[in-house]
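Take a walk through this structure, one part at a time.

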Amino acid sequence: MFDSLQGLLGHASFLLSGLIVTIELAVSCSIAALILGTLLGLARAYGGRMANAVIGVYVDVMRSIPQLVVLIYVYFALPILVQQRIDSFTAAFVGIVVWVTAIVTEAVRAGVLSVRTTQMRAGLALGMSRRQAIRRVVLPQALIRMLPVLGSTLIILTKDTVLASAIATPELLRQSQIVATQTYDPFTVLTVAMIIYFLLILPIARGTDWLYRRLSERAAG
Amino acid sequence: MNSGILNMSFDVAAFWDARNVLLLGAGVTISLTVLTMILAIPLGLVLAQLRTSRFPLVQKIATGWVELFRSTPLLLQLFWIYYILPSSFGLALPAFLVALLGFTLNVSAFNSETFRAGVASIPRNQASAGLALGMTDAQVLRRIVLPQAMRRVIPPLASTWVSLFQNTSIVSFIGLADMTFNATGLRTHTFQDLEVLTALAVAYLILGYPQAKIADALYHRLRVRV
């Protein structure tokens, strides 16, 4: 075991570069999907029947197609549609954001609609505009209820970055596989990768739990 | 811009021709989903029971097991099993069995969490009432707690099913000929990426959409108002 770990040492910087790509991908996709999903979720809840229907079709399509297939589609088929080469990191970013935004959209819509309509009316009665009432009355309450779903969505997103290895994005799993073919010892490098992913994902799970407890306590008190 | 539009042509025949390999792959996709769920429900129940065991060591191992499988990428788990079985146990299983093993281990960890939460959501006084009527622990579990928990367990099981169905697409990484594998194979053969991959997406849409809608319907029907 010790020997095989030493064998990995020479590949440490290579693996580290993969880890950095994984983190870059996870963070940038999380930010983009949270922003887009919030906008689309609000548009679905308050944007009228037309917006609701159109966004609904997008959400249903994404919920029926695997993340891997969306990634492969963006990398291999989309360039033909838009007549433009897409590099593998951009393709991974677009593929993950397009897929995860659908989940966030649904979470935001459900969270917003779970806040009683009387809350919105109270805001309007106080002379707030619709926009103000949504931002200052409805969203803060909805956010607390959405947190557990958003937390698990970010975990799914982080785990799914490994699928980008299918389109040659140099993220941690792909780099680990390359190392495995050089050391002839897939067991060690995959075990190390497993531990790294575990350590990446655990803080997201614990962090959202902690935030949820704090915010719900404050809301209750 | 004009030439771009001219270059882009969609060959409908190539799109339609992809159906044969997709149908072949669909058999693998569907049977893997069904078999995994059949195995992962009882295994999930066992894991959930082990997590409430009287022995702290058993509890810790079961909890760690569930956490490990829930907090690492499924594809990595699959690779790990794929490589460790032959090298450490001398077991060269066919790809389908490797996939079935990997998915079963993964999904049973998620199911155990569903069962644990389902049982925990039943108020404690329900069990106390059963015990007061002279039932044994096992009777209380079987006749009072589980029937009520079932209602709360079915919706999350349904969404696990939907994710499982989609996640089977990763078996293409270990060379198992499911829909995704067959489509990517055809793609490299015909170079008609757009048509073949659109056909793949449509195939998943046709199969996956009803599943997602059934899962939604179960959520609404079985919703417990507190």
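Chain A has nine helices and zero strands. Helices (H or I, at least four residues) and strands (E, at least two) are DSSP runs, numbered from the N terminus. Read from the N terminus, chain A runs α-α-α-α-α-α-α-α-α. Its C-alpha atoms fill a box of roughly 70 × 50 × 25 Å along the principal axes.

A word on the basis. This is a predicted model, in which local features need pLDDT of at least 70 and side-chain atom pairs count only at pLDDT 80 or more, while totals for chains, interfaces and linings use all residues. Residues are numbered from 1 along each chain as its sequence is written, chains are lettered from A and ligands numbered from 1 in the order in which they are written, and side-chain values use heavy atoms, with hydrogens and water left out.

Stay with chain A. A:I35 sits in helix α2 (residues 12-46). Together with A:I23, A:V27, A:I31 and A:L39, A:I35 makes a nonpolar surface patch of about 450 Å². Such a patch joins nonpolar side chains (Val, Leu, Ile, Met, Phe, Trp, Tyr) within 5 Å, from residues with over 30% relative accessible area and no salt bridge; like charges are joined within 9 Å. Accessible areas come from the Shrake-Rupley method with a 1.4 Å probe, and for residues only the protein chains shown count as cover.

Now look at chain B. Its helix α3 (residues 19-51) has 33 residues. From first C-alpha to last, this helix reaches 45 Å, close to the 48 Å expected at 1.5 Å a residue. The expected span is 1.5 Å times one less than the number of residues. At B:A40, shortly before the proline B:P42, α3(B) has a kink of about 30 degrees. The bend is the angle between axes fitted to the seven residues ending there and the seven starting there.

How much area do chain A and chain B bury between them? About 3300 Å², with 74% of it on carbon and sulfur atoms. Buried area is the accessible area (1.4 Å probe) that two parts lose on being put together, summed over both. A:R63, A:S64 and A:M194 supply 18% of what chain A buries against chain B, more than any other three residues. The contact (heavy atoms within 4.5 Å) takes 35 residues from chain A and 39 from chain B.

Charges meet here too. Three salt bridges link chain A and chain B. Each puts a side-chain nitrogen of Lys or Arg within 4 Å of a carboxyl oxygen of Asp or Glu. A:R63 pairs this way with B:D216, at 3.1 Å from N to O.
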